[in-house]
Amino acid sequence: MHLLTRIIPIALLLAAWELVARVGWVNPNVFPPVTEIVLRWLVLFIDGRIYGPLWDTLWRALVGLAAAIAVGVPLGLLMGRARWAEWFFAPLFSFGFPLPKIALIPLYVHWFGLFSLSKVMLIFTDCLFPMVLFSYHGARGLSPVYLWSAQSRGTGRVRMLWRVVLPLSLASIYDGVQVAVVVAILVAVVCEMVSGGGGLGELMIRSYRYGDVRTAFAMLVTISLIGYALYKVAQWLRGRLLHWHVAEA
């Protein structure tokens, strides 16, 4: 029943879309019916044209995301527990956070080339900010009782960071992962639209360029489904891996 109530608004929207396109209120070459978009989407999967671009977008997004997690989590935890790290890095991230990272595409292409490396580096840069900030706030928001208890047992600073601060900050870190995984897909697609090099973004912009609006809309559906699927996977993993965490309880 709960699933049905969530599907009904989407179904009504798609039905209205189909009706508006079919009765001729809009140009079907600009706003095609939903059934034609779904048919084109199925054809792209059946003839295999989508698999190459899909793989290009996915691996770029996941590599950039993994690098951001590997760098951002330790850095955020360090900022949260070491005053010198907060003093040095906090102004840099405060200044860079509102910067639209997409504006860096020409610069990254100039630095790292036209192909995959520039896209992966921009995905890494964009995902780094939520990973650092969520990790930082997770480490800063810990109850001092846990830290005092560990200190009373002779736990050193480095051991404290990895054995106490990291586990207790995992709920906040996972919030950052759920945000960053969607950001990674969006940035990958935009980079491909602007600088080419394969991927769903290039296929979509090329379809618009040649007037193949149905394929372009099918790419939008694919991108949306990928982002939603990765978000739900991250959410599922959170429930499985953090069932012991006090925040989850």
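1. The protein chain contains 10 helices and 0 strands, where helices (H or I, at least four residues) and strands (E, at least two) are DSSP runs numbered from the N terminus. This is a predicted model, in which local features need pLDDT of at least 70 and side-chain atom pairs count only at pLDDT 80 or more, whereas totals for chains, interfaces and linings use all residues. Residues are numbered from 1 along each chain as its sequence is written, and side-chain values use heavy atoms, with hydrogens and water left out.

2. Of the 249 residues in the protein chain, 40% are buried, a term for under 20% relative accessible area, with exposed meaning over 50% and partly exposed in between (1.4 Å probe, protein chains only). Among contacts between residues at least 6 apart in sequence, 72% join residues at least 24 apart, a contact being heavy atoms within 4.5 Å.

3. Not counting residues up to four places away in sequence, Leu200 touches residues including Ile50, Leu54, Met219 and Ile226.

4. The structure holds 8 salt bridges, each defined as a side-chain nitrogen of Lys or Arg within 4 Å of a carboxyl oxygen of Asp or Glu. Arg140 and Glu86 meet in one of these, at 3.8 Å from N to O; Arg140 lies in helix 6 and Glu86 in helix 4, so the pair ties together parts that are 54 residues apart in sequence.

5. Glu18 forms a salt bridge with Arg22, with the closest N and O atoms 2.8 Å apart, and both residues lie in helix 1 (residues 2–22), 4 residues apart, or about one turn of the helix. Glu18 counts as buried because its relative accessibility is 16%, whereas Arg22, at 49%, counts as partly exposed. A network of salt bridges links Glu18, Arg22, Glu36 and Arg214.

6. Leu237 is placed in helix 10 (residues 213–241) and counts as partly exposed because its relative accessibility is 31%.
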